[in-house]
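Please go through the briefing below with the sequence and the model side by side.

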Amino acid sequence: MNMELPPVASHRRILSLWFPRLAAERVLRHDRAALEAPFAVVAEVGNFQSLASLSVEATAAGLKRGQPLRDARAMCPNLVTRIADPAGEAAFLHALRRWAGKFSPWVSEEPPESLLIDLSGCAHLFGGEAALAHDCVRRFKRAGFQALVAIADTRSGAFALARYGRMTEQVAIAAPGAIRAALADLPVEGLQLTGDLVLLLRRLGLKRIGQFYNLPRVALARRF
């Protein structure tokens with residue numbers, strides 16, 4: 001879903017709202033049996049099953065997203081699972097998008113577990129960016145969801161900070177005009193590249209986003 005652009009502001013500011021356990025926590029809201037042990041939502045691709053979303057307890061047991069289900073059960077025999085419901089998860093994300101409209105009229109979904117909110121010219125109505133971001137975290141925590149919030153000048157910058165940035169109480173904010181410095185030490189995975197490309201870049205010694213800043217863009221585009 002494309003985001004409609006707001007009126008021109010002196011600084012465009014984008015908030016990325018990421019729910020790293022959304023599918024699992026959606027089930028846990030209503031499934032009491034799943035609360036009694038480590039829990040995971042399982043994705044099925046053909047005959048292959050892997051962990052798609054984990055509860056806090058499942059992560060504490062050493063399980064990881066993308067791990068084959070058979071390996072997860074070997075590590076954690078008391079793991080409780082439910083099959084993923086992509087349609088239900090998409091509908092729930094859409095409901096979260098409608099709720100987020102209280103902060104800005106410019107909200108878009110980034111399936112399967114993220115929202116983007118254009119805060120340009122809006123944050124002061126809620127006490128400023130930091131107050132708004134921490135309010136999001138608190139509200140979702142009370143509802144049973146973990147939310148990580150990042151704010152930056154660009155969509156991709158906010159996306160990277162939400163997933164790899166240094167958080168203070170689950171919030172990361174890059175000051176206006178400071179996006180390069182904020183992203184410099186983040187891993188290349190923050191660039192939303194494919195797994196194969198990330199692996200290749202790491203083999204070449206390019207592990208942090210800041211390492212790209214002084215490289216010739218034409219050569220990078222031709223090579224990658």
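Helices (H or I, at least four residues) and strands (E, at least two) are DSSP runs numbered from the N terminus, and buried means under 20% relative accessible area, exposed over 50% and partly exposed in between, with a 1.4 Å probe and protein chains only. This is a predicted model, in which local features need pLDDT of at least 70 and side-chain atom pairs count only at pLDDT 80 or more, whereas totals for chains, interfaces and linings use all residues. Residues are numbered from 1 along each chain as its sequence is written, and side-chain values use heavy atoms, with hydrogens and water left out.

- Helix H6 (residues 155-164) is largely enclosed by the rest of the structure, because seven of its 10 residues are buried.
- Those buried residues are Gly 157, Ala 158, Phe 159, Ala 160, Leu 161, Ala 162 and Arg 163.
- The N-terminal end of H6 is capped by Thr 154, a side-chain oxygen of which lies 2.9 Å from the backbone nitrogen of Gly 157.

## The five-stranded sheet

- An open sheet of five strands has the order E5-E6-E1-E7-E8 with mixed pairing, where two strands pair if DSSP finds at least two bridges between them.
- Its edge strands, each pairing on one side only, are strand E5 (107-110) and strand E8 (171-173).
- From one strand to the next the twist averages 15°; axes are lines fitted to C-alpha atoms, for helices over the stretch in contact, and angles run from 0 to 180 degrees between N-to-C directions.
- Strand E1 (residues 14-18) and strand E6 (residues 114-118) run antiparallel and are joined by five bridges, with Trp 18 standing opposite Ser 114 in E6.
- Helix H4 (residues 86-100) packs on this sheet, where it touches E5 and E6, and its direction makes about 155° with that of E5.

## The three-stranded sheet

- Another open sheet, of three strands, is ordered E3-E2-E4 and also has mixed pairing.
- Strand E3 (48-54) and strand E4 (80-83) are its edge strands, each pairing on one side only, and the twist averages 40° from one strand to the next.
- Four bridges connect strand E2 (residues 39-45) with E4, the two running parallel, and Val 42 stands opposite Ile 83 in E4.

- Leu 96 touches Phe 19, Leu 22, Leu 115 and Phe 140, not counting residues up to four places away in sequence; contact means heavy atoms within 4.5 Å.

## Arg 26

- Arg 26 lies in helix H1 (residues 22-28) and, leaving aside neighbours within four places in sequence, is in contact with Asp 85, Gly 88, Glu 89, Phe 92 and Phe 145.
- A polar contact of 3.4 Å joins its side chain to that of Asp 85; the term denotes a pair of N or O atoms within 3.5 Å, where within protein one must be able to donate a hydrogen and the other to accept it, and residues adjacent in sequence count only if both atoms are side-chain atoms.
- The Arg 26 side chain also reaches the backbone oxygen of Gly 88, at 3.5 Å.
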